[in-house]
Amino acid sequence: MIETLALVPWRSAWPYLAASFLSGYVLGSIPFGFIFAWLAGAGDIRKLGSGNVGATNVLRTGKTWAAAATLLGDAGKGAAAVALARAYLGIDIFLLLAGFGAFIGHLFPVWLRFKGGKGFATFLGILIALYWPVALLACLSWIVVARSFRISSLATLAAAAAAPVYFLVWGMTLFAAFAVLLAILIVLTHRSNIARLLRGGEPRIGAK
């Protein structure tokens with residue numbers, strides 16, 4: 001799959017490359033957590049819980065529907081960015097740039113002064129649009145680790161780390177390399193969670 005990069009006319013492709021990334025960024029920067037928490041009457045989600053705009057922090061407000069809508073919205077924008085690039089441009093590199101733009105937009109939305117979510121839901125949405133069996137296996141990995149250890153962040157890190165391996169199983173080397181990049185970024189956004197995991201202080205699912 002990496003060999004397809006040689007087929008890209010790089011000198012004439014740069015406007016499309018830029019458009020792929022920027023359109024993905026615009027989609028990814030839509031702060032669904034902020035919007036749905038506000039619509040649910042929870043106020044500014046950035047001032048509650050962890051201050052994160054992701055679905056997990058929205059769930060801490062007790063607004064279950066808002067958390068579910070945030071999860072679907074954050075995953076949907078990642079999937080939409082890749083799907084639109086596939087529909088209009090087709091070549092793998094454009095898909096990946098659109099997905100990367102959506103991921104960066106979620107992490108650093110201009111509308112919220114570049115303070116966004118941690119990226120896992122958007123990561124899953126990107127996987128769904130790239131190759132849904134890998135997304136399914138990543139979700140199953142999350143469920144297995146979450147049920148075994150009852151720690152959401154650990155399940156997220158495990159699923160993100162497993163996704164590149166699943167792509168390699170199907171011989172999708174370019175997608176695997178891309179998944180490695182996103183997994184590294186997910187590790188970076190979970191630095192505080194990792195620190196708590198190492199000292200045994202990370203909260204468990206269902207704990208008050």
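## A nonpolar patch on the surface

Helix 7 supplies the largest share of the nonpolar patch, four residues. In this predicted model, the patch is made up of Ile128, Trp132, Leu136, Leu140 and Ile143, and together they have about 500 Å² of accessible area.

Ile128 sits in helix 6. Its relative accessibility is 46%, so Ile128 counts as partly exposed, given that this class runs between 20% and 50%.

Now for the inside. In soluble globular proteins, nonpolar side chains tend to be buried together. Here, the largest nonpolar core has 37 residues, and the ones with the most contacts inside it are Phe103, Phe123, Leu127, Leu130 and Phe167. Helices 4 (64-88), 5 (92-107), 6 (120-130), 7 (132-149), 8 (152-169) and 9 (173-189) each give two or more residues to this core. Helix 9 puts in the largest share, with nine residues.

What is Leu127 in contact with, leaving aside its neighbours within four places in sequence? The list is Trp132, Val134, Ala135, Ala138, Ala163 and Phe167. Trp132 also turns up in the surface patch, while Phe167 is among the core residues with the most contacts.

## A second core

There's also a separate core of twelve residues, including Phe36, Ala37, Ile45 and Ala66.

Along the chain, Ile93 and Phe175 are 82 residues apart, yet in space they are 9.5 Å apart, C-alpha to C-alpha.

Technical notes: Residues numbered from 1 in each chain as written. Predicted model: local features only at pLDDT ≥ 70, side-chain atom pairs only at ≥ 80, totals over all residues. Heavy atoms only, no water. Core = buried A, V, L, I, M, F, W, Y, C linked by side-chain atoms within 4.5 Å. Buried < 20%, exposed > 50% of the residue type's maximum accessible area, 1.4 Å probe, protein only. Contact = heavy atoms within 4.5 Å. Patch = residues over 30% accessible without salt bridge, like charges linked within 9 Å, V, L, I, M, F, W, Y side chains within 5 Å. Areas by Shrake-Rupley, 256 points an atom, 1.4 Å probe, with all protein chains shown as cover. Salt bridge = Lys/Arg side-chain N within 4 Å of Asp/Glu carboxyl O.
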